[in-house]
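Here is a short tour to read with the model open beside you.

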Amino acid sequence: MEFKVIKIKTNAQNLYGWIALDSGDHPIGHIFMQVEPPKVKFMDAWVHEDFRRKGIFTSLWDERWEYVKKHYKGYTAYAWCLPMSLGLLRKKGFEEGETCIYMEKEIK
């Protein structure tokens with residue numbers, strides 16, 4: 001599967017993203033991070049369901065990680081993740097923090 005990854009700086013303060021594009025330049029995945037000195041928050045990763053299990057998420061992760069290592073040495077990276085992402089984060093050397101529970105309520 002051929003795809004390319006491009007880095008973007010959003011208009012939001014300190015928010016960076018990487019977007020995976022297929023051969024027709026259609027977005028098939030993205031990953032973001034926000035700089036909160038002295039931390040970097042890894043956030044909002046997505047891959048289109050038709051393109052999952054093809055290495056796109058890992059490629060996006062690796063691009064972001066290389067950028068972080070180059071520009072944010074000494075910072076602490078952190079992330080909230082779903083159970084399906086735990087394996088990759090553990091593989092990348094992240095350690096589990098405290099357990100928390102996501103809560104939501106519809107606004108009426």
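## Ground rules and overall layout

Throughout this report, a residue is buried at under 20% relative accessible area, exposed at over 50% and partly exposed in between, using a 1.4 Å probe and protein chains only. The model is predicted, so local features need pLDDT of at least 70 and side-chain atom pairs count only at pLDDT 80 or more, while totals for chains, interfaces and linings use all residues. Residues are numbered from 1 along each chain as its sequence is written, and side-chain values use heavy atoms, with hydrogens and water left out.

The protein has two helices and five strands, where helices (H or I, at least four residues) and strands (E, at least two) are DSSP runs numbered from the N terminus. Their order along the sequence is β-β-β-β-α-β-α. The C-alpha trace spans about 40 × 40 × 35 Å along its principal axes, and 27% of the 108 residues count as buried.

## Aromatic pairs and a cluster

Which rings pair up here? Rings of Phe, Tyr and Trp (its six-membered ring) pair if their centres lie within 6.5 Å; planes under 30 degrees apart count as stacked, over 60 as edge-to-face and the rest as tilted. That rule gives nine aromatic pairs. One of them brings together Trp 61 and Phe 94, which are edge-to-face because their planes meet at 70°, with ring centres 5.6 Å apart. This pair links distant parts of the chain, 33 residues apart: Trp 61 belongs to helix 1 (residues 56-71), whereas Phe 94 is in the segment after helix 2 (86-91). Trp 61 is buried, at 2% relative accessibility, and Phe 94 is buried too, at 17%.

Tyr 72 and Tyr 75 make another edge-to-face pair, with centres 5.1 Å apart and planes at 70°. Here Tyr 72 is buried at 12% relative accessibility, while Tyr 75 is partly exposed at 31%. Both tyrosines belong to one aromatic cluster, together with Tyr 16, Trp 18 and Tyr 67.

## Charges over rings

A charge sits over a ring if NZ of Lys or CZ of Arg is within 6 Å of the ring centre and within 35 degrees of the ring normal. Arg 64 lies over the face of Phe 42, at 3.8 Å from the ring centre. Lys 39 takes up such a place over Tyr 78, at 5.7 Å from the ring centre.

## Backbone points to check

Most residues other than glycine have a negative phi, and most peptide bonds are trans. Against that background, the bond joining Pro 37 and Pro 38 is cis, with omega about 5°. Pro 38 is in the loop between strand 3 (27-36) and strand 4 (39-47).

Asn 14, not a glycine, has a positive phi of about 60°. Its loop runs between strand 1 (3-9) and strand 2 (15-22), and Asn 14 is partly exposed at 29% relative accessibility. Arg 53 also has a positive phi, near 65°. Arg 53 is placed in the loop between strand 4 and helix 1, and is exposed, with a relative accessibility of 86%.

## The largest pocket

A pocket is found on a 1 Å grid over the protein atoms alone, as an open set of points where a 1.4 Å probe fits, with protein on both sides within 12 Å along at least five of seven lines; lining residues have an atom within 4 Å of a point. Grid points are joined across faces, edges and corners, and a volume is the space filled by probe spheres set on the points. The largest pocket has a volume of about 1500 Å³. Of its 43 lining residues, Trp 80, Cys 81, Leu 82, Ser 85 and Leu 86 are the closest to its centre.

Strand 4 gives the largest share of this lining, eight residues. Strand 4, helix 1, strand 5 (76-79) and helix 2 each supply at least two residues. The lining divides into 25 nonpolar, seven polar and 11 charged residues, where Ala, Val, Leu, Ile, Met, Phe, Trp, Tyr, Cys and Pro count as nonpolar, Asp, Glu, Lys and Arg as charged, and the others, Gly among them, as polar.
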